[in-house]
Amino acid sequence: MKKTKLIAVAAIMVMAAAFIGCKNSAQTEPENESQKQNEMAFVLQLPEASIARVAYYEQSDANSYKVQLIKSGTVLKSETGNPGDKIRLTVADEGLYTISVTAYKDTTVIAEGLSPVSISLADGDVKVNVKLNPNVKDVGIDVEIEWESGSETPLVSADFVKVEGSTVTGGTKFAYSRNLYNDDYLKGVFRKGRTVTIDSFYMCDHEVTQAEYVSIMGTNPSRFNNNAAGGEVQENRPVESVSWYDAIVYCNKRSIAEKLTPCYSINGSTNPADWGEVHASSDSTWDAVNCNFKTNGYRLPTEAEWEYAALGGKNGVTADDPTDFAGTNDISELGEYAWYTSNSGSKTHEVRKKLSNALGLYDMSGNVSEWCWDWHDNENTPSIISSTPATGVASGSSRVIRGGGCSNIAEDCSVACRNGSNPIYWFDNHGFRVVRSALGSGSGSDSNAGQVAQEAIKIGNVTFDKTGEVYVTKTPVTITGKQNKNNYSGVFIEGRNVTLNPYIMSKYEVTQELYTAVMANQNVTVNGTEYKLTSEPFECKEAGNYPLGTGEIQKLRAAENISWYDAVYFCNVLSEKLNLTKAYSITVTSVSSGHITGATVELVTGANGYRLPTEAEWEFAARGGDQTKDSWDYLFSGTPTADGTTYFSFKNTGLDSVGWYYFNILNGTTGDVEPSSGNEGYGTHEVGKKDCNSLGIYDMSGNVMEWCYDWYEDSLTTGDVANPTGAVSGSDRVKRGGSWNNLAYSSSVCNRLYNTPDRSGYSFGFRVVRSAL
């Protein structure tokens, strides 16, 4: 696979007009020799020859500088230098770093500041502002990612092809034209009477190669692992002798390796390390694997996606006479497009050696048969019918395999030919290729949305589970308000256009473990009296009325019984521990039973520390961050309402896949009997056990209600508003998302809830955000 090197260039420049002779406060280059002599630069060296170059220009009395590279509160590098020096700093991996600059005159500190820098191999432009004190000079960091080819930063690897989605109306034209005996298996998936909507997706232009497989899995199971045909590269032959189970493990491992959100989960975990060894016999747990098509990780194509792409996508399916094979309708030309029994020599060949189809996809016919996601329907019953979902039938004993291989005859390599195989089976003509969902396009969205911003929070030497963060948007977005269909009104109402600055959100609600660690040994003084704040306020504990759910971890349950004041105080303490600028100015005025029950709180403009989301930020993320997608209008975060239910229904099975609420807390499935305290699962649940939404964010519907920053206001301001924070004052703060103790309708992404900020309870929790500027 082609490897692309990126160069990240970051420049810190003084923005104030304090430069001598500076006429433009945004000037980025020294104007004269005097200014050049007061220049200091330092370089971050990344893997794959990726370089982040940071230049600092200062015209002041400073005669030395200290530069520190910090990650998750740990100083990784500390270097000193004089004006004009170049300092080289080396980092081991991608992620969010902080650059600390301290300016000295002799031994006296005359200015200092912190600047966060996000280093990512797929980054776009980022600008972060920091203020140096006490000189009060605004300093900007410009991070510019430039690919060697000079092309726009790709969202996916260069060997992926974007397949634009459409709706396909089935018909007899899609069957293999030489189907002399009217065999059902040669009629494809686009049957007469069936309409299938396919969302846009990215498909790799080649089958997974042996080299790619080894790089992720560490082993090569292929039978054809030597004696490549003349002129061919052995490691570029497709991997084969892989089971369907092997393929989904590869997908998730590759997603994790590339810092994407995995698609597959088994027993609630997306980490294959938790799944155990790949089974050599059929396993009901592995067969119950769930695929979240709304994440950005790698996965197998659905059968409909595979056939749609093989036919050439939108243009191919609308043709009067779709092609029999991937790339041609003429069987006499098949040898130019496919390796099959007539020309393969009974062995696989290097990928991309034959002609591609109209989309630029190679080997969709022949070479190796390719696993798909779907269960293969039982051939003893009617095959695909009009009501078959786009992702296939609900169950079966075999998984779909398509395209034919090097040992198959021509008709087996036809686009319409459907076959299935037990997911444990591996043969020397069984391989696969991977796809990724296309998540985000158009206005009111950001194509970088859902990208991992930080894998986990680390305080000192402790890394906390389930604290990862994602970008909700990396660029400012404007959401055009509109009337909601079959839902509450929310904050993006008709006549209101909301602009949000870039921000990062935690994928999970704050856990009990993280809350306890951050709030330990916190004391506040009110009117001369010192009070100790509780670090373990939780009511949902393993013993008592709120026992833990089966297979869950107590410390990873959502933190609850948190007042709004507790939550904002937590944000400041966490920011302080990670050397970030506090987002709030807080003066505590009252404490009761270890909870803050009164305080004056002001939002600090431009701070890079942790804070509560605004109500608009919360709802934008809960709705998937893309106004152009159908998911924007879903009732719940990541899933629509169930058939036959409405936005005010008490029960709703549509919520079962993404959220915990009153009627499913005991076993995850909506039941008819009200739950009782003391039963296993009664209470909050471990975060991240349900499916995430399209941004990779969990539990935005249900589990605990989440505090937002805003004062609640009934009548929202219409017109154009930027980064709204609610009413100027009030008696109640906003909370959103519903909880385990609420009925289904409370978990709607548009249902606005509120409470007094001193109130706490077993369903009151929160998650954190921070600026991505």
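This is a predicted model: local features need pLDDT of at least 70, side-chain atom pairs count only at pLDDT 80 or more; totals for chains, interfaces and linings use all residues.
Which helix lies across E27 and E28, and at about what angle does this helix run to E28? The helix is H10, residues 615-622, and the angle to E28 is about 90°.

## Overall make-up

The protein has 773 residues, of which 57% count as buried. Its secondary structure consists of 10 helices and 39 strands.

Among contacts with a separation of 6 or more, 69% are between residues 24 or more positions apart.

## Nonpolar cores

The largest nonpolar core contains 42 residues. Within this core, Tyr515, Phe570, Leu612 and Phe766 have the most contacts. At least two residues each come from helix H8 (512-519), strand E30 (523-526), helix H9 (564-577), strand E32 (584-592), strand E33 (595-603) and strand E34 (705-711). H9 gives the largest share, 9 residues.

Leaving aside residues up to four places away in sequence, Phe570 touches Val510, Leu514, Tyr515, Val518, Met519, Phe766 and Val768. A second core is separate and has 32 residues, including Val242, Tyr264, Trp275 and Val289.

## The sheet E27-E28-E35

Three strands make an open sheet, ordered E27-E28-E35, with mixed pairing. Strand E27 (477-480) and strand E35 (719-722) are the edge strands, since each of them pairs on one side only. On average, neighbouring strands of this sheet are turned by 20° against each other, direction ignored.

E27 and strand E28 (residues 496-500) run antiparallel and are joined by 4 bridges. In one of the residue pairs, Val477 has Leu500 of E28 as its bridge partner. Strands of a sheet pair through backbone hydrogen bonds, in either a parallel or an antiparallel way. Helix H10 lies across both E27 and E28.

## Salt bridges around H10

The whole structure contains 25 salt bridges. One of them joins Asp633 to Lys482, with the closest N and O atoms 3.6 Å apart. This pair links distant parts of the chain, as its members are 151 residues apart. Asp633 is in the loop between H10 and E34, while Lys482 is in the loop between E27 and E28. Asp633 counts as partly exposed because its relative accessible area is 31%. Lys482 is also partly exposed, with a relative accessible area of 31%.

Two other salt bridges join buried residues. Arg611 pairs with Glu617, and their closest N and O atoms are 2.9 Å apart; Arg611 and Glu617 are buried. Glu619 pairs with Arg623 at a closest N to O distance of 2.8 Å, and both Glu619 and Arg623 are buried. Which residues belong to the network of salt bridges that includes Glu619? Its members are Lys482, Glu615, Glu619, Arg623, Asp633, Arg736 and Arg752.

## An exposed loop residue

Asp199 is placed in the loop between strand E13 (195-198) and strand E14 (201-204). Is Asp199 buried or exposed? Asp199 counts as exposed because its relative accessibility is 52%, and exposed means over 50%. Thr167 is 32 residues from Asp199 in sequence, and the two C-alpha atoms are 8.5 Å apart in space.

Definitions and conventions: Residues are numbered from 1 along each chain as its sequence is written. Side-chain values use heavy atoms; hydrogens and water are left out. Buried means under 20% relative accessible area, exposed over 50%, partly exposed in between (1.4 Å probe, protein chains only). Contact means heavy atoms within 4.5 Å. A nonpolar core is a set of buried Ala, Val, Leu, Ile, Met, Phe, Trp, Tyr and Cys residues joined through side-chain atoms within 4.5 Å. Two strands pair if DSSP finds at least two bridges between them. Axes are lines fitted to C-alpha atoms, for helices over the stretch in contact, and angles run from 0 to 180 degrees between N-to-C directions. A salt bridge is a side-chain nitrogen of Lys or Arg within 4 Å of a carboxyl oxygen of Asp or Glu.
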